[in-house]
Amino acid sequence: MNPINMSGNLPPLVPHVFDDIYRAAIAQVLDEGSPNSLIGAHQFCGSERDRTAGSRFAALRLPEIPSEDRVVVANGTQSILSMLLHSLVGKGGCLAIEALSYPTMRQFADIFAFRLSAIPMDSEGIEPEAFESMCRKDAPSAYYALPTLQNPTTAIMSMERRQAVAEICRRYNVAIIEDDIYSLLPRDIPPPLSSFAPELSWYILGTAKSMAAALKVAYLVAPKAKDVPKLFWPGVRATYWMCAPINAAVASRLIEGDGATCIIDAVRTETRERQALIAACFTGADLRTMPECLHVWLHLPEERPAEKFVELVGSLGVNISPSATYAFGNRTPPNAIRFGTGTARDRATFQRGLDTIIQAYNC
């Protein structure tokens, strides 16, 4: 039997809702005009319709609908990051990053030859005083921010913390690259960090964690319209950042109707069901998550080293990740593991994986 992959944090599959909505959206896009005209040429930053849809999607989080000329439609969040990191940080530059964060940033640093400066964290995310000290010492060009359901710790910055961090970025002229990809599932969360320093902020809202992992559509809101052509048009043609027009058009159709909302609601509901299973099984554990979170951050007793625990769970047929996977800088990472709630194909498979983790935890 193949291992159960719980190392990722993808949204759960919701075919009972997704399939019919997505089929209808594709049919509507194909019925609206010539497919060859739609996909016969690149649309670079996206068609006017796609950028308008992207601005509406971003407005699910931003305090106002951004003008469409500030929006870029791209082939997923990583494509946007590759363009921003190359241009805003670049060779020899410095990127500020949380001490525990998205592991792929290491690969970006290697590809573009920039330095990573890790910021100490507390229960809300980066510590403002430590961030300001680092800004004085390392002069970062940009800060990669995951302020909502932070990966991997699930931290959520308070409104006050976001204001403080934004002011530090403003004081030291540090661009904010905000990856808000986990923000559409929870309710009653603070507005994006970008809303407190919009003139410095490159705001990213993708579909991969709220709708479907391989939809491959993400939206960028630039600080100003004039900033878009500097980084994305005429564009660096030797990259993969441009979104396939058919993908962008289907995403636009989902956003224009109620399809996107229905899919997000279904993902939220299934995530809550799986999180309820976690809450029922783990009692007394040092566990951080919330009902709408796609991953769980579990601290282990000191006598149970994370790497050994991951090996044990792996030997029982379930893949999870140790804290070292996400660690940046020279500090010893906490003795913790992360596992995802959505990668298991269905709830029954998820329950088997969860039972295995609990078995290892209790042994």
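Mentor: Start with Lys216, which in this predicted model lies in the loop between strand S9 (201–206) and strand S10 (218–221); helices (H or I, at least four residues) and strands (E, at least two) are DSSP runs, numbered from the N terminus. Residue numbers run from 1 along each chain as its sequence is written, and side-chain values use heavy atoms, with hydrogens and water left out. As the model is a prediction, local features need pLDDT of at least 70 and side-chain atom pairs count only at pLDDT 80 or more, while totals for chains, interfaces and linings use all residues.

The phi of Lys216 is near 60°, a positive value in a residue other than glycine. Most residues other than glycine have a negative phi, and most peptide bonds are trans. Lys216 is partly exposed, with a relative accessible area of 37%, a term for values between buried (under 20%) and exposed (over 50%), with a 1.4 Å probe and protein chains only.

Now turn to the loop between strand S7 (142–145) and helix H7 (159–171), where Pro152 is found. The peptide bond that runs from Asn151 to Pro152 is cis, and its omega is near 20°. Thr154 is also found in the loop between S7 and H7, and its phi, near 70°, is again positive although Thr154 is not a glycine. Thr154 counts as buried because its relative accessible area is 7%, whereas Lys216, at 37%, is partly exposed.
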